[in-house]
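Thanks for taking a look at this one with me. Please keep the model open while you read the points below.

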Amino acid sequence: MPDEDLDLFIKAYHFAEKHHRPQKRSSGEPYIIHPMNVAATLIKLKMDLQSIIGGLLHDVVEDCDVSEEEIQKLFGTEVLDIVVGCTKISKIKFKTKEESQAENFRKMVVAMAKDIRVIIVKLADRMHNMLTLQYVSKEKQVKKAQETLDIYVPLASRLGINSVKSELEDLCLRFLHPEVYYRLAEKVAMKKTDRESYIKDTVSVVQEKLSEYSVNSEVYGRPKHFYSIYKKMQNRGVDFDQIQDLLAFRIMVENITDCYKCLGVIHSSFTPVPGRFKDYIAIPKVNNYQSLHTTVIGPKAERIEIQIRTHEMHEIAETGVAAHWLYKEGKSPRNLKWVEELMEYNRDIKGSSEFMDVVKNDLDIGGIFVFTPTGDVKELRHGATPLDFAFAVHTDVGTRCVGAKVNGKMVPLKYRLKSGDTVEVLTSKNQTPSKDWLKIVKTSRARTKIKQHILKIEREKNREVGEELLEKALKEHGTNVKSLEKKKEFQKIYDQHNLKNIEELYLHLGAGRFSVAQILDAIPSIDFDKVTEEEKKRKEKRLESLTKKIQTSAKKSAHRDNAVVVDGLDDIMVRMGKCCNPIPGDPIVGFITRGRGITIHTHSCQRVHEIEETRKIEVHWNPAYAFRHPVNIRVITHDKPGILSRISNNIHSHSINIKSAIAKSLPDMKGSFLFEIEVKDYSEFLKVVSIIEAMEEVISVTRA
Ligand code: MN
């Protein structure tokens, strides 16, 4: 800082040291160590002199009874504003629940209303507090770390100060999930020599390629931040051992042209992984971040993540809005405008939800911002739905999405998200994407992923069906695929349809491109005339085992209290549709109602066709549910004396309870009876029906 008056800085140091002298940190060190560390972080962020002095003095008003007038007199109004701002923030009671994100951000913006440097000083303050968190009680460690993750990390991210953001995240992980943190640390340390030589090798291969094309560049390799690895593990549901890519590479060049040149060289020297290239130079992130991202298959057939950026982009990526002071002359970073405009609005607005509406308008420039339940911010385009959000979180979250809660309330999948919404995705392992989803989603990422998935599932299904059909048909002729393959008996059909192997045969057969008969026809050794009685038996057996399979899989996730299990939801209110009154065993579907939980209808119910596709949710009968369900049956009989009691006795004799019975005479000497009975499930219902049907006088039995 050749142009600055460092005397003022030195004066501030002595001033702070003198006032903090009686105090000690929890670590036992002299208190002045803390403001010095804060100032050091601010220097690293290349902040201006006022901020650095503000950092040195940030605790003196609160902790040392120094008067505001004194600071103003000695260090000027700007420093005073920073110190006062920091003091104010330290008195804010933040809510840590996800619902109050808007409120937290409001408080923060109010605090930075006068000067955004306040927030940056506060971030530096929090950084040192987190670095020395081991000296406070366990309870306080968790509280502080959670608050940091909820409030300071999103803020650092929004302001684009990635160096602070990443370090804070790693520190939060260390105190919130120490077991994860230390295992990752161990894993990274264990392979240190391997890693270093691997980095060295990769860097030199990449560098060689780049110099071949005379691109001036610096190449670095580094371990990734623990928190980003942790998040990857969570998102993908994988274990430590499955985490492969602990490293990331970065190429730094002089100018933007060289960035793209670099990319060209990389992509022509190594195979790029599809879908992994991102151009944040042409379209910077909202926090001004710029870089090219790509993943390629490296020299040892492993994935390599590479970021390409200029030195200036790097500076902005690391320091974000702080870089404004560094590049004061040239550009005006958008962040600053963002903050300024927010402050304008904030002067006239009181409630936090109203405030968030206004914030939304500003944030909408690049799309909308929504929060994950843990406070992460996702940027999506206008009109984006919970499904888009789910796919933005992770493909696996998207494909398994069965519903969503926005700000704690169930919403239909086609709900339009708004900035500030907190979205919780409900997932189920059994879920698969449907074609209807394509009508709902607004982002191309989600659309592509859904299409890919549908195709994949269709293929798998076709393959499976094909294999099953063929094996079954062959079994009836006393043979199987394996032995026919050995004898090359499929060659004729392969040739006929230009197929390579049995897998392709399955696919085409399953897709209905040709029939089993066609295949059997083309197999020389098959005798065609045997159609057996066995086939029937086999069919019945298969049906039985299939039913069992479905039943056991449903059992897994069942609780006892609900008749119906809604995937991904434990405690949701479930009601049976009055129109169709489903009983266990009926094929059913759930509908999300407005504020009244989920209503269950049978597939055949008229209502099913009237309700929008997007409100459907997958549900299963709960096999553990032991209570009985009412069901109505209508019985038409020849009108003979004593018929009602004969039917009733018959039902009772099978230990089925009749709740009510209504009898009516019809013309033509017929009688009509409406029974309300209680059954365990659909098969018991069928049993009752067959008992009544077997009676001589009975004409028809139907469900009513
Ligand atoms: Mn402090």
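This is a predicted model: local features need pLDDT of at least 70, side-chain atom pairs count only at pLDDT 80 or more; totals for chains, interfaces and linings use all residues.

1. Residues are numbered from 1 along each chain as its sequence is written, and side-chain values use heavy atoms, with hydrogens and water left out.

2. Have a look at the largest nonpolar core, which has 66 residues. A core here is a set of buried Ala, Val, Leu, Ile, Met, Phe, Trp, Tyr and Cys residues joined through side-chain atoms within 4.5 Å, where buried means under 20% relative accessible area with a 1.4 Å probe, protein chains only. L57, V60, I71 and F75 have the most contacts inside this core. Helix α8 (residues 117-131; a DSSP run of H or I, at least four residues) gives the most to it, with eight residues. At least three residues come from each of domain 1 (6-176) and domain 2 (186-327), with bounds from an automatic or database domain assignment.

3. A second, separate core of 24 residues includes F249, L292, I304 and I306.

4. Next, the open sheet: three strands (DSSP runs of E, at least two residues) in the order β10-β9-β11, with antiparallel pairing, where pairing takes at least two DSSP bridges. β10 (409-411) and β11 (423-427) each have a single partner strand, so one side of each lacks a neighbour in the sheet.

5. β9 (residues 401-406) is joined to β11 by five bridges, and K405 stands opposite E424 in β11.

Notes
Buried means under 20% relative accessible area, exposed over 50%, partly exposed in between (1.4 Å probe, protein chains only).
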